[in-house]
Amino acid sequence: MMKNTLRYCLFLLFALSPFLIHAKHIMGGDLKMQHLGKRGSYHFTLSVFIDNIASSASSYEDALNLMVYDRTTGRFIEAIAMRLTKTRDLVYDNPSCQKRFSFSATEMLYEGDFTFNDGYNAEKGYVILWDRCCRNTITRNIAFTVTNNIGSMFSIEVKAFFDKNGREFINNTPDFSSPNGSFLCVKDVMALNMQAYDKDGDELRYSLITPVRGYTNSISLTAEDTTVMNFDKLPLVQWANGFSATSPIPSSVPITINARTGLIEGKVSEVGVFVYAVMVEEFRNGERISVSKREFQIATVDCSLDSPPIPVITHNDIAVETLTGCEGDSFTLKINPYNSNLNYQWQYNDNNLAFSTGSTIVANLPGKYTVAATFKDLCTSKVLSKAVHIKNHTLPDVNITPNTALFCDNTVLKIAVKDSVGNNYQWFRNQVPIANSNAAALEIKEDGMYIIEVKDQRYNCTRRDTLEAITFKSPRLSLTANATSVCEKDTFSLFGKVLSVETSQYTQNWFYENKPINIAGFPYLTTNKGKYTLKVEDSNGCITEESVVIAEKPSPIFQITPIPTICGVELPPVPLQVNATNNNGVFTGRGVDGNIFTPQKAGVGSHLITYNGVADNGCKGSATQTIIVDAQIQLRMPPIFQPLKGSFVQLTNTVNRQDLSYSWTPAINLDNPSIQIPTTNTLAKQTYTLRASSPIGCFVEAQTVVEPYGTLYIPTAFTPNNDGQNDTWEISNLNMFPASIIQVYNRWGELVFYSENNQKIFDGKDFSGQQLSAGAYVYRIKILTENEYEYKGALTIIR
């Protein structure tokens with residue numbers, strides 16, 4: 001007993017040293033960050049625990065800066081402004097001991113927001129810290145110097161906020177709960193709960209470490225941003241003799257920490273105030289993504305050996321150890337019997353509950369509830385009631401999938417819980433019910449905090465799960481054209497622009513009719529109508545597509561009214577006509593004047609006539625038509641042929657061209673009806689038609705009549721001797737030919753007889769009336785019809 005009293009006196013003397021009390025105050029602290037749901041944006045919270053005996057919250061600064069360092073280079077990058085937002089006194093579960101030793105501690109909370117840009121992509125990540133002097137010097141396990149007291153450094157080490165492609169890495173670091181302001185009596189079993197909560201459900205690993213001293217002291221209270229830090233060899237505190245990272249508190253058994261839960265266990269063996277530090281490493285898929293540290297101190301004292309009675313927790317006046325209900329149900333727990341000579345402190349999961357020192361408490365969270373009891377007028381070890389475990393009915397967990405909701409603001413994300421028969425569902429966004437959301441699945445388009453309430457029919461319990469949906473801003477584009485519909489051969493302009501992209505790196509691609517094309521600059525001029533698409537994808541995987549469709553206006557189909565072949569330039573002008581609904585078009589071509597084609601101006605040949613017009617929709621069109629002008633065909637043919645009956649006659653005619661074809665109708669008694677001049681020996685009167693045709697279809701026709709006459713009987717001799725027999729040269733049937741010429745020549749070629757139209761009869765006399773001598777003569781008889789016939793022969797005069 002003497003030894004314990006001596007220890008207490010030494011401790012009290014050390015604790016009340018005027019120099020140490022007034023100069024030093026930091027008991028511990030930690031730092032955390034939580035993602036705000038916007039790209040690169042985080043909320044930071046710095047918890048600092050101060051000793052109110054050595055200082056007070058009012059003497060602390062209202063604002064401070066966190067410092068951001070590159071983990072690789074150790075160089076300062078940025079300061080994050082923080083403001084004091086809350087102060088809270090720690091709750092002690094042993095008021096008698098607290099009063100006896102004048103212990104009082106306050107938790108000070110500094111908070112601030114900061115947005116990191118895409119450039120925060122360092123390979124080894126970043127360290128965010130606060131470095132400040134000075135530590136509470138009443139701690140026994142740290143070696144201090146009288147003139148130069150050491151500082152504290154609270155930090156988190158995090159993975160890079162973005163990768164090299166601008167993709168964001170989102171993380172919420174572990175969150176330590178506020179510690180109890182408790183005392184431990186010597187020989188007490190020590191159980192310090194240092195478990196943290198991780199919002200992302202990542203794996204946490206705990207270990208005891210040596211506190212970081214940092215670069216501050218009583219002369220330089222804050223760290224300089226010019227300091228280059230080696231984060232693998234940060235300045236650590238120097239342990240006092242007999243203490244280490246794994247033995248920070250005197251214990252009769254080895255101190256241990258559960259690597260999975262953070263529970264520190266041992267058995268206190270000496271009095272004093274002792275600082276200890278816990279490191280929490282956060283792992284995701286086997287990769288370490290953050291390191292957080294919590295420092296705090298514990299006071300151990302000599303206590304009276306007397307012990308208060310162990311309190312009993314009842315519900316409805318019945319001692320209970322387990323209560324089962326629905327999530328959110330409340331249970332009134334009561335100390336029975338209640339002893340007014342004792343101090344009571346209710347605890348939840350081993351943490352002291354503020355302002356919970358009465359006989360009852362309303363418990364509405366599942367977990368472990370205990371009550372600690374101490375004497376009001378005596379510092380003794382506390383006693384704990386048996387724990388009451390409040391549980392929820394065993395129901396399937398309600399877990400929203402996917403458990404990470406990161407999506408682009410131009411997409412739809414489907415979130416859902418497992419559907420079960422008999423469940424009723426209601427979804428909420430930011431605490432507001434979503435209309436018509438009574439199914440297990442929900443499609444969302446906005447960020448926010450989504451809650452699902454699932455009520456089962458068996459217990460009528462409502463279960464909940466929460467999912468924070470974070471949207472990335474998708475790229476914003478502009479794609480326009482100077483027209484949405486153009487004519488067939490028109491050129492149009494495309495204008496494309498990336499207005500904004502959330503990440504520093506992105507890709508953009510062009511497509512025409514869903515096939516990649518290369519567009520280097522704007523405006524892009526083209527005549528190819530169809531669908532053009534600009535697709536931009538940023539490093540978050542957000543894709544935005546903008547398309548514009550350029551339609552082709554119907555091209556006008558103009559048709560010039562066909563004009564038959566014009567058979568001769570002397571023919572009259574021809575009007576040109578087209579099927580246009582307006583008359584704003586123009587005809588062009590040889591021989592064209594306005595909408596009139598003049599064969600004489602064009603001349604013989606094939607002439608291409610073009611019409612160019614504009615339709616009502618503004619599109620141009622054209623039409624062509626070939627007009628053929630043929631040379632005039634001239635055909636001349638006697639109207640009648642009068643051959644001798646039974647004789648052959650050529651149906652002579654004349655034409656002015658050599659490229660004609662011929663056709664005679666009818667073909668009766670013609671030797672060839674397909675030649676220009678056929679021969680006939682028709683015996684009866686016959687009308688013939690001749691068609692002379694050009695190669696391109698022009699033709700003329702002429703008619704003639706073949707009218708045969710009887711045969712002439714010409715004597716070869718006569719005897720003009722007045723005997724009444726053959727005294728004259730009489731030609732039978734000559735009277736059938738009203739037009740004729742008879743000529744007789746002597747052997748010297750002298751004309752000796754001439755008669756027209758058979759007006760004279762040759763009687764052997766010459767023109768003077770003298771008798772011609774007997775002998776041989778030559779005659780020529782011409783029949784003057786449409787066709788001239790001539791008969792020649794010898795004539796003998798016999799005397």
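**Aromatic pairs and their surroundings**

Reply: In this predicted model, the count of aromatic pairs comes to 26. One of them joins Phe 116 and Tyr 120 in an edge-to-face arrangement, with 4.8 Å from centre to centre and 80 degrees between the planes. Phe 116 is buried, and Tyr 120 is buried too.

Another pair is made by Tyr 126 and Phe 161, and this one is stacked: the centres are 6.0 Å apart and the planes are at 25 degrees. The angle counts as stacked because the planes are under 30 degrees apart. Tyr 126 belongs to strand 6 (residues 126-132), while Phe 161 is in the loop between strand 7 (152-158) and strand 8 (175-176). The two are 35 residues apart, and their pair links distant parts of the chain. Both Tyr 126 and Phe 161 are buried.

Next, the charges over rings. Lys 159 has its charged end over the ring of Phe 169, at 4.4 Å from the ring centre. For Arg 205, the ring is that of Phe 283: the arginine lies over its face, 3.6 Å from the centre.

Now the threonines. Thr 45 is part of strand 2 (residues 41-51). Its relative accessibility is 8%, so Thr 45 counts as buried, the cut-off being under 20%. Apart from neighbours within four places in sequence, Thr 45 is in contact with Asp 30, Leu 31, Lys 32, Met 82, Leu 109, Tyr 110 and Glu 111.

Thr 503 is in a loop, the one between strand 36 (492-500) and strand 37 (506-512). Thr 503 counts as buried because its relative accessibility is 4%. A polar atom of its side chain lies 2.8 Å from the backbone oxygen of Gln 505. With neighbours within four places in sequence left aside, the contacts of Thr 503 are Arg 39, Asp 118, Gly 166, Asp 538, Ser 539 and Asn 540.

Conventions: Residues numbered from 1 in each chain as written. Predicted model: local features only at pLDDT ≥ 70, side-chain atom pairs only at ≥ 80, totals over all residues. Heavy atoms only, no water. Helix = DSSP H or I, 4+ residues; strand = E, 2+ residues; numbered from the N terminus. Buried < 20%, exposed > 50% of the residue type's maximum accessible area, 1.4 Å probe, protein only. Polar contact = N/O pair within 3.5 Å; in protein donor to acceptor, adjacent residues only side chain to side chain. Contact = heavy atoms within 4.5 Å. Phe/Tyr/Trp six-rings, centres within 6.5 Å; stacked < 30°, edge-to-face > 60°. Lys NZ or Arg CZ within 6 Å of the ring centre and 35° of its normal.
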